[in-house]
Amino acid sequence: MKKFTFAALAAVAAVMMYSCGNGTPKANLKSDVDTVSYAIGMAQTMGLKDYLVGRLGVDTAYMDEFVKGVNEGANAGDDKKKAAYYAGIQIGQQISNQMVKGINHELFGDDSTKTISLKNFMAGFISATTGEGGLMTVDSAQHVAQTMMRTIKAKNMEKEFGPNKKAGEDFLKANEKKEGVKKLASGVQYKVIKEGAGALPKDTSIVKVHYEGKTLDGKVFDSSYKRGEPAQFPVNQVIKGWTDALVHMPVGSVWEVYIPQELAYGERQQGADIKPFSMLIFKIELLEIVENKK
């Protein structure tokens with residue numbers, strides 16, 4: 001067996017440090033393969049810096065560290081231990097820069113003072129990944145996460161937009177006492193502007209309508225009249241308040257419909273004009289039943 005002297009070992013170590021360090025390896029284009037290798041390497045970087053900055057959040061002031069990481073990864077070859085470690089680093093960065101930020105925004109909106117617990121997130125993430133020590137199954141965790149996210153989000157949204165909810169409730173309470181206003185079992189209120197004599201749509205019907213939608217302060221946010229043509233859609237593929245009104249409207253009717261927020265968009269914001277917990281007012285003109293599906 002060939003013996004290595006201390007000097008030889010030092011030389012090997014120097015080569016390894018150079019190939020895996022911060023620096024850019026020096027190109028030596030002696031052959032066609034050398035040249036094409038260099039050219040391919042350069043070509044593969046097209047758009048990379050924008051990707052690093054825009055998608056991965058890399059600060060270009062630390063490009064030396066990026067180069068160091070690239071060198072280490074590229075020189076690791078098929079070392080499975082290093083591959084697993086690098087994969088962990090990549091996933092960890094995605095958790096920090098994308099997942100947690102996205103979840104925080106979903107739960108707390110623009111309130112940067114609130115955040116989920118990274119410690120507990122990682123405890124659940126790693127338990128599920130390794131299959132060890134989990135406090136719940138992945139399926140049950142999915143259900144718990146969805147249910148509790150809705151609850152937490154609704155509570156936070158209600159703190160911010162609670163006045164919208166109260167304003168709508170106060171309006172509906174006073175409105176139902178007005179002459180000509182009727183109320184359906186769901187809570188939808190309506191006033192008949194024109195009585196139709198046609199058939200009643202089913203919830204599976206496709207109908208053609210003209211309509212105008214307003215917020216409580218009278219702002220028009222949508223109007224088929226302004227577009228100059230009626231809308232056509234299945235009765236059961238609109239907000240619940242619309243569905244409930246339409247199945248009680250004979251064709252030819254024109255109603256003013258008052259929809260409670262929970263039968264409209266609830267805690268969701270819809271476009272720029274419909275804020276969370278907003279009750280909505282519509283003028284609906286049912287022109288025809290285009291198709292009655294079973």
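Select Val 192 and show its neighbours. Leaving out residues up to four places away in sequence, Val 192 touches Gly 180, Val 254 and Trp 255. A contact here means heavy atoms within 4.5 Å. Val 192 lies in strand S2. Strands (E, at least two residues) and helices (H or I, at least four) are DSSP runs, numbered from the N terminus. With 28% relative accessibility, Val 192 counts as partly exposed. The scale is simple: buried is under 20% relative accessible area, exposed is over 50%, and partly exposed is in between, with a 1.4 Å probe and protein chains only.

This is a predicted model, where local features need pLDDT of at least 70 and side-chain atom pairs count only at pLDDT 80 or more, while totals for chains, interfaces and linings use all residues. Residues are numbered from 1 along each chain as its sequence is written, and side-chain values use heavy atoms, with hydrogens and water left out.

Now draw a line from Val 192 to Gln 269. They are 77 residues apart in sequence and 29 Å apart in space, C-alpha to C-alpha.

Step to Ile 193, also found in strand S2. Ile 193 and Val 254 are 61 residues apart in sequence, yet 5.3 Å apart in space, C-alpha to C-alpha. Beyond residues up to four places away in sequence, Ile 193 touches Val 254, Trp 255 and Glu 256.

Next, colour S2 and S6. These strands pair in the antiparallel sense over five bridges. Two strands pair if DSSP finds at least two bridges between them. Find Lys 191: it stands opposite Glu 256 in S6.

Val 181 has Lys 191 as its bridge partner in S2. The two strands form a hairpin with five residues between them, and Gly 187 in the turn has a positive phi of about 110 degrees.

Go to Gln 189, in strand S2 (residues 189-194). Is Gln 189 buried or exposed? Gln 189 is buried, with a relative accessible area of 1%. Show its side chain with that of Asn 175: a polar contact of 2.8 Å joins them. A polar contact is a pair of N or O atoms within 3.5 Å; within protein, one must be able to donate a hydrogen and the other to accept it, and residues adjacent in sequence count only if both atoms are side-chain atoms. Other residues that Gln 189 touches include Leu 172, Val 181 and Tyr 258.

Select strand S5 (residues 231-234). Ala 231 and Phe 233 are on its covered face, Gln 232 and Pro 234 on the uncovered one. In a regular strand the side chains alternate between the two faces of the sheet. Four bridges join S5 to strand S3 (residues 205-215), and the two run antiparallel. Look for Val 207, opposite Phe 233.

Move to Phe 277, in the loop between strand S6 (254-259) and strand S7 (280-292). Its phi is near 65 degrees, a positive value in a residue other than glycine. Most residues other than glycine have a negative phi. Phe 277 is buried, at 5% relative accessible area.

Last stop: helices H5 (residues 80-108) and H7 (residues 138-175). Their axes come within 7 Å and cross at roughly 55 degrees. The contact includes Ile 103 and Phe 108 of H5, and Met 149 and Lys 153 of H7.

Technical notes
Axes fitted to C-alpha atoms, helices over the stretch in contact; angles between N-to-C directions.
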